[in-house]
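I opened a notebook page for this structure. The entries below keep to what I looked up, in the order I looked.

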Amino acid sequence: MPTLLSSLVVAFVAVLHLYILVLEMFLWDKPMGRKAFGLSPDRAVLTKVMAANQGLYNGFLAAGLLWSLLAPQALARPLQFFFLGCVLVAGLFGAATASRKILYIQALPALVGLGLVWMG
């Protein structure tokens, strides 16, 4: 049975990924997006399509996490393990290849969520 705390962390990770979706799909070449990712205006323009694709994948992660919160009890926990695991792997890969801060922004909340779901 999910605990309130585990559900709140899953919801937080979902909202975080919706925020990342907005940054990558809609604000990438705007001042807010460029600041968030440390991009020059020229680099933002060159990578805008790639970023939108990344944003879409973050949206899928958020959708899966939100689904896990609304799913019947028999599905909720396996869905949470799967989608939080995907977020954790993406965060570890991003930290290793793009920016170390991704470890704390993306991977750590997913790891905390996995631990809480496992204990719940």
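I take helices (H or I, at least four residues) and strands (E, at least two) as DSSP runs, numbered from the N terminus. The model is a predicted one, so I kept local features to pLDDT of at least 70 and side-chain atom pairs to pLDDT 80 or more, while totals for chains, interfaces and linings use all residues. Residues are numbered from 1 along each chain as its sequence is written, and side-chain values use heavy atoms, with hydrogens and water left out.

Entry: helix H3.

I looked up Asn58 and found Asn58 in helix H3. Its relative accessibility is 9%, so I noted Asn58 as buried (buried is under 20% relative accessible area, exposed is over 50%, partly exposed is in between, with a 1.4 Å probe and protein chains only). For contacts I use heavy atoms within 4.5 Å. Setting aside neighbours within four places in sequence, Asn58 is in contact with His17, Ile20, Leu21, Glu24 and Gln106.

Ala51 also has its place in helix H3, and at 0% relative accessibility I counted Ala51 as buried. With neighbours within four places in sequence left aside, Ala51 is in contact with Glu24 and Trp28. I also checked Ala51 against Ala110: their C-alpha atoms are separated by 21 Å, and the two residues are 59 apart along the chain.

Ser68 is in helix H3 too, and Ser68 is buried at a relative accessible area of 1%. I found that Ser68 touches Val10, Ala76, Leu79 and Gln80, not counting residues up to four places away in sequence. The side chain of Ser68 also reaches the backbone oxygen of Leu65, at 2.6 Å.

Entry: salt bridges.

I count a salt bridge when a side-chain nitrogen of Lys or Arg is within 4 Å of a carboxyl oxygen of Asp or Glu. How many salt bridges does this rule give? The count comes to 2 salt bridges. Asp29 and Lys30 meet through their side chains at 3.1 Å, N to O. Lys48 forms a salt bridge with Asp29, with the closest N and O atoms 3.2 Å apart. Lys48 lies in helix H3 and Asp29 in the loop between helix H1 (4–25) and helix H2 (31–37), so this pair ties together parts that are 19 residues apart in sequence. I noted Asp29, Lys30 and Lys48 as linked in a network of salt bridges. Asp29 is partly exposed at 21% relative accessibility, Lys30 is partly exposed at 37%, and Lys48 is partly exposed at 35%.

Entry: aromatic pairs.

I pair rings of Phe, Tyr and Trp (its six-membered ring) if their centres lie within 6.5 Å; planes under 30 degrees apart count as stacked, over 60 as edge-to-face and the rest as tilted. The count by this rule is 3 aromatic pairs. One of them is Tyr57 with Phe60, edge-to-face at 6.0 Å centre to centre and 80° between the planes. Tyr57 and Phe60 are 3 residues apart in helix H3 (residues 41–70), so about one helical turn separates them. Phe60 is partly exposed at 48% relative accessibility. I then looked up Phe82 and Phe83: the ring centres are 4.9 Å apart and the planes are at 85°, so this pair is edge-to-face. Phe83 is buried at 14% relative accessibility.

Entry: helix H5.

I ended with Leu108, which has its place in helix H5 (residues 101–119). Leu108 is partly exposed, at a relative accessible area of 43%.

Notes. Polar contact = N/O pair within 3.5 Å; in protein donor to acceptor, adjacent residues only side chain to side chain.
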